[in-house]
Amino acid sequence: MWRNIWSISKKELRDYFSSSAALLFLGIFLVAVYIAFFWVEAFFARNLADVRPLFNWIPILFIFLISALTMHSWSEERRMGTIELVLTSAVSPWAYLIGKFVAVLVLIAVALVLTMPLPITVSYLGELDWGPVIGGYIAAIFLAAAYSAIGLWASSQTENQIVSLIISIVVAGVLYALGSTTITSLFTYEIGEWLRAFGTGSRFESITRGVLDLRDIFYYLTIVVLFLLLTRKKIESLRWANNFTKKARDYWLRLTAIIAVLLLVLNVGLSFVTQARVDLTQGNIYSLSSATKEYLQELDKPLLIRGYFSSSTHPLLAPLVPRIRDLLTEYNVEGKGNIQVEFVDPLQQPKFEEEAGMKYRIRPVSFHTESKYKASVINTYFNILVEYEDQYEVLDYKDLVDLKSSAGKHEVDLNNPEYQITRTIRSIVAKANRQVNSFAALSEPVVLTGYVSSPVLLPEFKKEIVQRVQILGETFREESDDNFDFLLINPDDDQLTQEYLQNELSVRPLSSEDITAEPYWFYFTLTDGKNTVPVSFSNKSDKAAVAKSIFSAYKSLLPDSVRTVALMRPLATPGPAGVSESPGIPKHFSILRNALLQSITVIDVDLRDGKVPSEVDFLLVLAPRFLQPVQVNAIQDYLTNGGTVLIASSTIDVNVSFFTEVYPVRSGLEPWLAELGISIADSLLLDKRHGQYTLPLTRGVGDLRVRDTSLVNYPYIIDVRGDGLNAESGVTAKLGQVYVPWASPVTVDLQQNSNRTVTPLLFSSDESWASSSQVILPDFETYPDLGFAEQNENNAPHVVATMIEGAFGSAEGQESSRLIIVGSGALFTDNFLDQMSKVLRSEYRRPIQFMQNLVDWSLEDQALLGVLRKHSQFTRTLATLDEKEKTNWEYINYGLGVVGIFLIGIIRIILNRRSQLRGMRLLQMG
């Protein structure tokens with residue numbers, strides 16, 4: 001039978017190529033792919049090293065092209081009357097059917113091979129993760145198999161090829177539309193999840209993420225088997241024509257129904273299997289890491305992970321919920337019975353909504369949505385609660401979701417949920433294990449506030465709790481030397497307080513068990529001035545239970561780790577007397593600060609008291625200006641005593657806005673660094689391997705000079721990638737790429753540091769050079785290529801970041817320390833990160849990743865470091881290309897497509913000639 005199948009497949013392929021149908025199909029497919037890739041999805045404007053634009057359109061293209069390809073398969077046989085020859089031959093109808101099916105798949109596989117230059121091009125221009133690419137091609141083959149089976153079935157139903165084409169498009173289109181956000185957004189996410197399970201497009205997208213899931217593969221095989229069986233039934237009815245008896249018809253109907261039900265049951269059963277999948281992505285970003293598994297194995301008490309997700313949510317968020325459920329299921333499995341996973345909809349379960357608001361301060365978020373006919377606002381829950389003993393933390397959609405905007409479109413994906421959840425578990429477990437039973441050691445004020453109604457409205461045991469709190473409050477105030485305070489506020493007749501409780505804290509009055517009694521207020525908070533947490537009391541009113549509840553809330557205010565980073569930012573103060581330089585441009589580091597706060601404690605210091613706080617593990621000195629000797633001595637002493645210091649500084653301060661400012665800057669650290677054999681050059685690097693930036697440029701319009709803002713290639717933004725990253729260092733080995741703005745070369749005297757280990761981290765390319773010019777705006781009229789005069793002699797790589805490890809003191813037995821020098825004061829600033837995000841049309845956080853790597857590596861938290869680095873949240877960007885290079889690469893791909901079609905045409909001619917010669921020989925022999 002298999003020999004017959006292959007013979008029929010070859011015959012079908014010869015028919016396709018002899019009629020030019022194959023070349024027409026391949027040509028139209030390639031044209032559509034290239035238009036979608038380069039024009040519709042604006043590949044170069046996206047500037048991302050992925051091939052998602054290729055796979056985004058394949059499900060839709062296949063609907064039309066495969067329908068057109070298969071519409072004549074049986075219709076033509078019926079119209080020409082040749083189907084009788086087929087059905088009465090000795091060859092099984094199954095052989096004919098499968099042979100035609102295989103021929104279509106072979107032709108589609110050839111079409112997909114012709115698209116391979118696209119991912120190869122992307123891999124050459126950037127750091128491409130081949131996992132999703134492999135998954136995309138596998139998904140495309142299975143999707144094509146499903147559509148081919150549908151097309152063959154449609155072709156068997158009628159003699160009219162146009163009718164066959166329409167039937168195939170409608171059936172395949174309906175299956176695709178079922179899982180689309182256009183349809184699923186009309187229903188709750190539970191119903192939407194079921195619809196996505198039947199959607200060919202949604203299943204396809206799941207595989208192209210880089211996860212090869214048995215459930216998705218079996219779904220496509222289900223469609224193939226079902227429609228091939230329906231086609232076989234139709235062929236059987238044609239085979240017997242008027243002799244197709246009711247008994248035979250009933251047999252085929254029963255067989256089809258039984259197999260269809262069996263396939264449906266198997267699909268439903270597999271929906272509960274989450275482990276039968278292969279993560280193809282680089283770093284296995286969709287699988288739990290070994291670090292997470294180790295953390296979970298250390299749990300010795302039950303931990304609760306509860307997802308609060310509304311049935312009606314934003315259409316872009318709804319597809320993420322099943323993926324979160326699958327991930328949490330893996331946590332449940334790895335927890336070995338110590339993790340309880342729940343999913344609730346607070347809007348449909350008032351009990352959970354009240355608890356969410358009162359105890360956990362979880363509130364719904366409003367999203368604006370638009371449909372064809374109206375705009376509306378959806379209030380939805382999208383949170384994950386992690387609770388362990390008396391500690392908990394809540395992750396909201398900002399923690400869980402990563403939004404990328406590109407070419408006017410929005411792409412929503414999960415923001416490394418494994419890291420977020422694992423970090424939270426580690427945090428609350430550490431807090432729960434702390435022993436806190438006194439406020440005697442308080443150094444900062446803490447205030448316990450009770451919003452409590454009049455005692456006549458309170459249940460008896462809550463009256464006792466209030467009395468206990470008052471007594472304990474006085475005790476805590478005395479033992480903390482007045483650093484603990486207690487306030488009791490009655491909101492009954494205070495409208496402003498009630499609005500604050502309801503709007504800011506999501507608190508509502510409670511109902512008494514006596515339905516005739518008035519509602520009452522009973523809510524306590526504990527605050528340290530920076531953070532506020534609720535105090536949850538149990539039904540026990542004894543002194544020990546009440547005190548335990550207060551101490552539990554206080555533990556939530558404590559940092560989750562003993563690791564502390566001190567951030568020393570530039571101060572807006574003038575330089576010392578007699579110094580002519582400007583104090584520089586104000587810089588802000590809130591993005592960096594907020595990112596670090598996810599896993600460590602961050603404090604601000606100015607070191608004017610001459611010392612680094614004792615709890616500091618890592619000192620960040622960012623863009624320092626005119627530091628006083630007392631501050632320099634503090635840094636020196638801290639480093640000498642075993643601390644870790646990072647200095648990000650350049651000798652030239654640059655501000656690019658509508659008006660450009662350039663200032664020479666002195667940090668005050670120069671003499672001390674010189675003693676250590678370290679220097680930061682009085683120049684800035686330019687590099688032919690560079691990024692783009694938005695700059696204010698002047699152009700001529702006749703005699704008029706116009707100043708406007710343009711996005712241009714900018715050599716002062718160094719593109720560090722490949723050999724510019726130290727592959728031997730754990731800090732940079734997997735960084736991928738980072739843009740470094742306005743960087744000064746960093747030089748370390750190796751002889752002077754012979755007793756220390758010097759590890760360069762970031763390099764410019766071998767086409768870079770240093771310039772001390774104050775002109776930092778390009779002049780493309782004079783220098784059309786780079787905007788600056790190119791230097792081709794003595795170009796070489798320059799170190800822009802380095803790490804020095806060893807003892808920095810002269811005393812014997814000195815502790816080993818780390819000193820990290822980054823030759824850019826702008827690298828970690830909010831302004832640079834925001835501007836690059838606008839340039840790339842995607843949130844740009846590679847410098848933040850670099851800093852997190854430095855912090856985690858220096859503080860030796862390698863486990864959490866590994867979890868954090870898994871996710872593709874940190875954008876993989878393309879190499880910097882000018883317009884000519886982009887055009888060249890686009891045309892190269894067009895040319896390769898034409899060459900591929902041409903080669904197939906040549907092969908077709910050769911095969912046709914061989915076939916003709918073979919036929920002539922047979923005639924001569926006859």
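This is a predicted model: local features need pLDDT of at least 70, side-chain atom pairs count only at pLDDT 80 or more; totals for chains, interfaces and linings use all residues.
## Salt bridges overall

Side chains of opposite charge can pair when their charged atoms come close. A search of the whole structure gives 21 salt bridges.

Lys 11 and Asp 15 form a salt bridge through their side chains, with an N to O distance of 3.0 Å. Both residues belong to helix α1, which spans residues 2-18. They are 4 residues apart, so about one helical turn separates them.

Neither end is hidden from the probe. Asp 15 is partly exposed, at 34% relative accessible area. Lys 11 is also partly exposed, with a value of 36%.

## A bridge from strand to loop

Glu 387 and Lys 359 meet in a salt bridge of 3.4 Å, N to O. This pair links distant parts of the chain, 28 residues apart. Glu 387 sits in strand β7 (residues 382-388), while Lys 359 sits in the loop between α19 (350-358) and β5 (365-370).

How accessible is Glu 387, buried or exposed? Its relative accessibility is 15%, so Glu 387 counts as buried. Lys 359 is partly exposed, with a relative accessible area of 27%.

Arg 689 pairs with Asp 723 in a salt bridge; their closest N and O atoms are 3.5 Å apart.

Arg 689 counts as partly exposed, at 23% relative accessibility. Asp 723 counts as exposed, because its relative accessibility is 65%.

## The positive patch

Lys 10, Arg 14, Arg 914, Arg 918 and Arg 921 form a positive surface patch. Helices α1 and α31 (883-925) each supply at least two of its residues. The largest share, 3 residues, comes from α31.

Arg 914 is one of the patch residues, and it lies in helix α31. Its relative accessibility is 52%, so Arg 914 counts as exposed.

## The negative patch

Glu 478, Glu 479, Asp 481 and Asp 482 make up a negative surface patch. Asp 482 is found in the loop between α22 (460-479) and β12 (484-489). At 59% relative accessibility, Asp 482 counts as exposed.

## A buried arginine without a salt bridge

Arg 756 is in the loop between β26 (746-748) and β27 (757-763). Arg 756 is buried, yet it has no salt bridge. What is the nearest side chain of opposite charge, and how far away is it? The nearest is Asp 749, at 9.3 Å. A salt bridge needs the nitrogen and carboxyl oxygen within 4 Å.

Arg 756 does have a polar partner. Its side chain is joined to the side chain of Asn 753 by a polar contact of 2.5 Å.

How values were computed. Residues are numbered from 1 along each chain as its sequence is written. Side-chain values use heavy atoms; hydrogens and water are left out. Patches are made of residues with over 30% relative accessible area and no salt bridge: like charges are joined within 9 Å, nonpolar side chains (Val, Leu, Ile, Met, Phe, Trp, Tyr) within 5 Å. Accessible areas come from the Shrake-Rupley method with a 1.4 Å probe; for residues, only the protein chains shown count as cover. Lys and Arg count as positive and Asp and Glu as negative; His and the chain ends are not counted. The place of a charge is taken as NZ of Lys, CZ of Arg, CG of Asp or CD of Glu. Buried means under 20% relative accessible area, exposed over 50%, partly exposed in between (1.4 Å probe, protein chains only). A polar contact is a pair of N or O atoms within 3.5 Å; within protein, one must be able to donate a hydrogen and the other to accept it, and residues adjacent in sequence count only if both atoms are side-chain atoms.
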